[in-house]
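Trainee: I'd like to learn how to read a fold like this one piece by piece. Could you walk me through it?

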Amino acid sequence: MKLYIGVDLGTSAVKLLLMDELGEIKNVVSKEYPLEFPQPGWSQQAPEDWRKAVLEGIPELLQGFNGADVVGIGCGGQMHGMVILDKDDNVIRPAILWNDGRTAKQVDYLNNVITKEKLAEMTANIAFAGFTAPKVLWVKENEPENFAKIEKLMLPKDYVNYILTGVHACDYSDASGMLLLDVEHKCWSKEMLTICGMTEAQMPKLFESFECIGTVKPEIAKLLGISENVKVAAGAGDNAAAAVGTGVVGEGGCNISLGTSGTVFISSKSFSKLDNNAIHNFDHADGGYHLMGCMLSAASCNKWLMDDILQTKDYAAEQVPITDDKLGENHVYFLPYLMGERSPINDTNARGTFIGMTMDTTRADLVQAVLEGVAFAIRDSVEVARSLGVVINSSKICGGGAKSPLWKKIIANVLNAKLESPVSEQGPGMGGAMLAMVACGEYASVQEVCDKFVKVASVVEPEPELVAKYEKRYQQFKAIYPACKALFADFVKE
């Protein structure tokens, strides 16, 4: 038996998956680690916590199995996080994460001084607060002593791969979210590196996601109880890895990920030049390209409402009163901008907002408003893609929020699109293991391994009457943010 390990390096935990060559998931282990919020809107993490979680988690994952059967490891990881190493490969400072909003000044500089047009020409994208390049500029301006020490700039999952192999590597899909990569030509943008005060020598070597970057270091192999001949795939950004895990590869596939953040992921075999850069234009883990809209707070909005406001862990019970007759009838709206927002509004000042409440508003109305607000915000990105001529009549859906039948029904009708839930809900971890299979030569291509393993478990169809109701509600939702935008900016100035 051949075994493959998939690593899903998330924001709150690493999820490790063990899969055999037939695609059967043998074991899953999760290891949590803390997040730091040193100031409002800031978000950072200690890479040492990722290292510890992975190195402790893999032996636990392999309990009851023969470690000698492991032949490959593939990692999908949270994107955009800035890991900087010194000349001895020590981490210089905590990693600034994807959902960090401290770089508003640097984003403004890049988009308005360098200009969006120039950025799009160099990288196929514009600057967003979560991207890596603005973080580099922030460190250069605010921590010059740390900036001067930078020997290597890496992304979170690439740091894990470095721990395993000793190789400084990055794949094209994850590198696309740095605003330092020429996405169309798949190389580091020398102009962008110069703008950020970096050199190509400080960047990791680039690989396709399904390529082998090296084998596990002997001392790490011994620690984990596996062979030092185990191959490590370059891996992918979490959304590209999840797309592989849900079979969204090749031309015209779509996946909605309803996790801490929310994404709309559309795969393509060819590069598309965008007039509107409200969504991202990235390389894909299958060797092609993809469009992606990303909202910073998706299922985390519901978690916030449940845990912090309503103070309950019984999420399902809170959705019971939201019966079918209530759908499309709610007069309460929620803007899901608890961490600011990325696609498509690109506004770090945006804030979560309830509007439309009256004396008869119920607890269930607020819960429904949060579920619908996230669905409407997902549609905002879908509408950008549709405006480019992309046809989205169906989509895969994954992530923790996709465990809710009610939420899937709302999203299907808000988008007027069929939603398919894969049999495996493992997303990036499964995608990582599948990429490792290709890296090890088990399959010839990512498309081939997806065709083999990805199966649909259930389908939610939109209902014409409910689609019409949600169309009206969506048009009302769209008017709220423009009306609040100036207020949000004033609040932040205080």
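Mentor: Let's begin with helix 10 (residues 299-309), where Ala 299, Cys 301, Asn 302, Leu 305, Met 306 and Asp 307 are buried. Buried means under 20% relative accessible area, exposed means over 50%, and partly exposed lies in between, with a 1.4 Å probe and protein chains only. Helices (H or I, at least four residues) and strands (E, at least two) are DSSP runs, numbered from the N terminus.

A word on the model: it is predicted, so local features need pLDDT of at least 70 and side-chain atom pairs count only at pLDDT 80 or more, while totals for chains, interfaces and linings use all residues. Residues are numbered from 1 along each chain as its sequence is written, and side-chain values use heavy atoms, with hydrogens and water left out.

Trainee: What covers the buried residues of helix 10?

Mentor: The cover includes strand 16, helix 11 (315-319), strand 20 (333-335), strand 21 (353-355), helix 12 and helix 13. Contact here means heavy atoms within 4.5 Å. Look just past the end of helix 10 too: Gln 311 takes a positive phi of about 55°.

Trainee: Okay, sheets next. In what order do the 7 strands of the open sheet come?

Mentor: Two strands pair if DSSP finds at least two bridges between them. Here the order is 18-19-17-16-22-23-24, with mixed pairing. Strand 18 (280-283) and strand 24 (456-460) are the edges, each pairing on one side only. From one strand to the next, the twist averages 30°.

Trainee: Is strand 22 buried or exposed?

Mentor: Strand 22 (residues 394-398) has 4 of its 5 residues buried, so it is largely enclosed by the rest of the structure. It runs parallel to strand 16 (residues 254-258), joined by 3 bridges, and Ile 256 has Ile 397 as its bridge partner in strand 22. Strand 23 (residues 418-422) also pairs with strand 22 in the parallel sense, over 3 bridges, with Lys 396 partnered by Glu 420.

Trainee: Which way do strand 23 and strand 24 run relative to each other, parallel or antiparallel?

Mentor: Antiparallel, joined by 4 bridges. Glu 420 turns up again, standing opposite Val 459 in strand 24.

Trainee: And what hand does the β-α-β unit of strand 22, helix 13 and strand 23 have?

Mentor: For handedness, point the strands away from you: a crossover is right-handed if the path from the first strand over the helix to the second runs clockwise. Strand 22, helix 13 (residues 405-415) and strand 23 make a right-handed unit.

Trainee: Now helix packing. How do I describe it?

Mentor: Two packed helices are described by the angle between their axes and the distance between the axes. Axes are lines fitted to C-alpha atoms, for helices over the stretch in contact, and angles run from 0 to 180 degrees between N-to-C directions.

Trainee: At what angle do helix 12 and helix 16 cross?

Mentor: The axes of helix 12 (residues 363-387) and helix 16 (residues 464-478) cross at roughly 80° and come within 10 Å. The two are therefore roughly perpendicular to each other; that label covers 65 to 115 degrees, with under 35 roughly parallel, over 145 roughly antiparallel and the rest oblique. Among the residues that meet are Phe 376, Arg 379 and Asp 380 in helix 12 and Tyr 470, Arg 473 and Tyr 474 in helix 16. Helix 12 also lies across strand 16, strand 17 (262-268) and strand 19 (289-295), at about 150° to strand 19.

Trainee: How about hairpins? How many residues lie between strand 1 and strand 2?

Mentor: That hairpin has 3 residues between its strands. Strand 1 (residues 3-9) pairs antiparallel with strand 2 over 7 bridges, and Leu 9 stands opposite Val 14. Strand 2 is also joined to strand 3 (residues 25-32) by 7 bridges, again antiparallel, with Val 28 as the partner of Leu 17. The hairpin of strand 2 and strand 3 has 4 residues between the strands, and Gly 23 takes a positive phi near 90° there. In strand 2 (residues 13-20), 7 of the 8 residues are buried, so it is largely enclosed by the rest of the structure.

Trainee: Where does Gly 441 sit?

Mentor: In the loop between helix 14 (428-439) and helix 15 (446-453). Gly 441 is exposed, with a relative accessible area of 57%.
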